[in-house]
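Student: I have a model open here and would like to talk through how the chain is put together. Could we start with the strands and work inwards?

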Amino acid sequence: MSTLSIVTDVRGAASVVTVSGRVDSETAPQLDSALAQLAAGGQNKIVLDLKGVDYMSSAGLRSIVKAAQAAQKSGGELRLAAVSDSVEVVLRTVGMLQMFKLYTTSGEAANF
């Protein structure tokens, strides 16, 4: 069974979502739900802190893209912070690195 931890913290104008564990077809709906709740609440400046993510499947990538599109549609942005090496390899492999701004820390990314 896959495990996923999602903790959301508001820092100024940004919602920082710290994700840890595996993001796969089993756990991606949890991430979808957490990100959709932010959008429903009017939060469109989102930072995804991914330093604790050790695996991300296409289902996880889909969740991130969907949230990024929702944020952009309402005039905001989704930023990625502390991307683990394994996730960066996946993003690079599927050609998604240019879609997102990558930051070293969530604090740096949350400075909108």
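Student: Which residue in β2 does Ile-6 stand opposite?
Tutor: Ile-6 stands opposite Val-19; please keep in mind throughout that this is a predicted model. The two strands involved, β1 with residues 4–11 and β2 with residues 14–23, pair in the antiparallel sense, and eight bridges connect them.

Student: And what happens at the turn of that hairpin, at Gly-12?
Tutor: The hairpin of β1 and β2 has two residues between its strands, and Gly-12 takes a positive phi near 65° there.

Student: Where does a positive phi turn up on a residue that is not a glycine?
Tutor: Ala-82 has one, with a phi of about 50°. In general, most residues other than glycine have a negative phi. Ala-82 lies in the loop between β4 and α3, and it counts as buried because its relative accessibility of 16% is under the 20% cut-off.

Student: Ser-84 is polar, so is it buried or exposed?
Tutor: Ser-84 counts as buried, since its relative accessibility is 13%. Ser-84 belongs to the loop that leads from β4 (77–81) to α3 (85–93), and, leaving aside residues up to four places away in sequence, it touches Leu-50, Lys-51 and Val-53.

Student: Which residues touch the most other members of the largest nonpolar core?
Tutor: That core has 26 residues, and those touching the most other members are Val-19, Leu-48, Leu-50, Leu-78 and Leu-80. At least two residues come from each of β2, α1 (28–40), β3 (45–56), α2 (58–73), β4 and α3, while α2 gives the most, with six residues. There is also a second, separate core of seven residues, which includes Val-16, Val-47, Ala-81 and Tyr-103.

Student: Back to the sheet, then: in what order do the five strands lie?
Tutor: The order is β1-β2-β3-β4-β5, in an open sheet whose pairing is mixed. The edge strands are β1 and β5 (102–103), each of which pairs on one side only. β5 runs parallel to β4, with two bridges between them, and Leu-80 stands opposite Leu-102 in β5.

Student: Changing topic, which residues lie over the faces of Tyr-55 and Phe-112?
Tutor: Arg-22 lies over the face of Tyr-55, at 4.2 Å from the ring centre, and Arg-79 lies over the face of Phe-112, at 3.9 Å from the ring centre. As for pairs between aromatic rings, the structure holds zero.

Student: Last one: why does the radius of gyration agree with a compact globule?
Tutor: It agrees because a compact globule with 112 residues would have a radius of gyration near 13 Å, and the protein chain has 12 Å. The C-alpha trace spans about 35 × 25 × 20 Å along its principal axes, and 46% of the residues count as buried. Among contacts between residues at least 6 apart in sequence, 67% join residues at least 24 apart.

Note on methods. Residues numbered from 1 in each chain as written. Predicted model: local features only at pLDDT ≥ 70, side-chain atom pairs only at ≥ 80, totals over all residues. Heavy atoms only, no water. Phe/Tyr/Trp six-rings, centres within 6.5 Å; stacked < 30°, edge-to-face > 60°. Lys NZ or Arg CZ within 6 Å of the ring centre and 35° of its normal. Helix = DSSP H or I, 4+ residues; strand = E, 2+ residues; numbered from the N terminus. Buried < 20%, exposed > 50% of the residue type's maximum accessible area, 1.4 Å probe, protein only. Contact = heavy atoms within 4.5 Å. Pairing = 2+ DSSP bridges. Core = buried A, V, L, I, M, F, W, Y, C linked by side-chain atoms within 4.5 Å. Rg over C-alpha atoms; globule rule 2.2 N^0.38 Å.
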